[in-house]
Amino acid sequence: MSTAATPAVATATATAAATSAPRVGVGVLAVRHGSSSVLVSLRKSRHGRGEWALPGGHLELGESPVECARRELEEETGVGVGREGSEGGRLVATENCVFRADGTSDAGGAWAPPGEERAAEPSGGAIRAHYITLFVRFDEPSPGAWPVPQDREPEKHSPFEFVEWEELRGGASPSSSKYAPLFGPLRMLVEKHGSLDQLR
Ligand code: 8DG
Ligand code: MG
């Protein structure tokens with residue numbers, strides 16, 4: 001047992017490319033009316049290329065999480081959500097995601113209080129990026145209220161499509177799921193929440 005508990009950040013090696021501090025990302029849960037489907041697409045940018053992710057982006061200076069979510073959803077899919085009512089947006093979850101040099105990601109946190117055993121250091125290598133993700137949920141207020149999502153940033157991701165939460169979780173056969181792998185923050189969220197009803 002180790003008694004000298006040291007914060008993980010003090011021992012992990014950050015690559016030159018990694019930012020010196022965690023950044024804030026926003027992931028948008030855009031839920032189709034009367035379903036458990038959310039918008040996802042396959043990422044083409046270097047960070048998370050080939051992984052399925054929610055619409056989203058960086059929280060900009062002075063923005064609220066809900067404003068950021070509304071802006072990113074509109075920019076990336078053309079779906080505009082109102083400021084009032086049930087679709088108005090709620091912060092429903094957060095995740096802490098550390099992206100490693102080998103392409104894996106984890107929840108970080110090998111720290112333990114003095115006298116308690118530290119968790120093993122994650123094995124994925126140096127830190128490439130570290131994001132706190134704020135997940136904001138919008139609900140389509142009535143059937144067909146939202147326009148069909150547009151492919152507005154084809155260089156950054158595949159066209160967005162609605163996919164059932166159960167399917168994102170891997171459905172009956174996770175190994176053959178079309179929607180794998182998931183981008184780190186979404187993978188963490190999906191692993192913790194068996195249904196979208198738990199994210200209200
Ligand atoms: P921006 O720089 O214009 O704000 O964003 P973007 O051009 O849309 O880039 P992005 O890669 O989609 O988003 C920027 C970062 O936001 C991404 O590299 C990591 C972070 N991020 C999270 N969670 C999520 C998520 O669920 N979806 C998306 N798209 N990005 C997320 O931390
Ligand atoms: Mg984006």
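Predicted model: local features only at pLDDT ≥ 70, side-chain atom pairs only at ≥ 80, totals over all residues.
Me: Which protein residues are donors of the magnesium ion (ligand 2), and which elements do they lie in?
Reply: The donors lie 2.1 to 2.2 Å from the ion, through O of Gly56 and OE of Glu76. The pair ties together parts that are 20 residues apart in sequence, because Gly56 lies in strand 4 (residues 56-58) and Glu76 in helix 2 (residues 65-77). The donors asked for are therefore Gly56, in strand 4, and Glu76, in helix 2.

Me: How much of the accessible area of ligand 1 does the protein cover?
Reply: Among the polar pairs, an oxygen atom of ligand 1 is 2.6 Å from a side-chain N or O atom of Arg43, and one is 2.8 Å from a polar side-chain atom of His58. For the side chain of Glu72, the distance from an N or O atom to a ligand 1 oxygen is 3.2 Å. Of the 600 Å² that ligand 1 has on its own, the protein covers 85%.

Me: Which element gives the most to the largest nonpolar core?
Reply: This core has 19 residues, and Leu29, Trp165 and Leu199 are among those with the most contacts inside it. Elements that give two or more residues include strand 1 (23-31), strand 5 (90-100) and helix 4 (184-192). With three residues, the element that gives the most is helix 4.

Note on methods: Residues numbered from 1 in each chain as written. Chains lettered and ligands numbered in written order. Heavy atoms only, no water. Donors = N, O, S within 2.8 Å, 3.2 Å for Na, K, Ca; no water. Helix = DSSP H or I, 4+ residues; strand = E, 2+ residues; numbered from the N terminus. Core = buried A, V, L, I, M, F, W, Y, C linked by side-chain atoms within 4.5 Å. Buried < 20%, exposed > 50% of the residue type's maximum accessible area, 1.4 Å probe, protein only. Polar contact = N/O pair within 3.5 Å; in protein donor to acceptor, adjacent residues only side chain to side chain. Areas by Shrake-Rupley, 256 points an atom, 1.4 Å probe, with all protein chains shown as cover.
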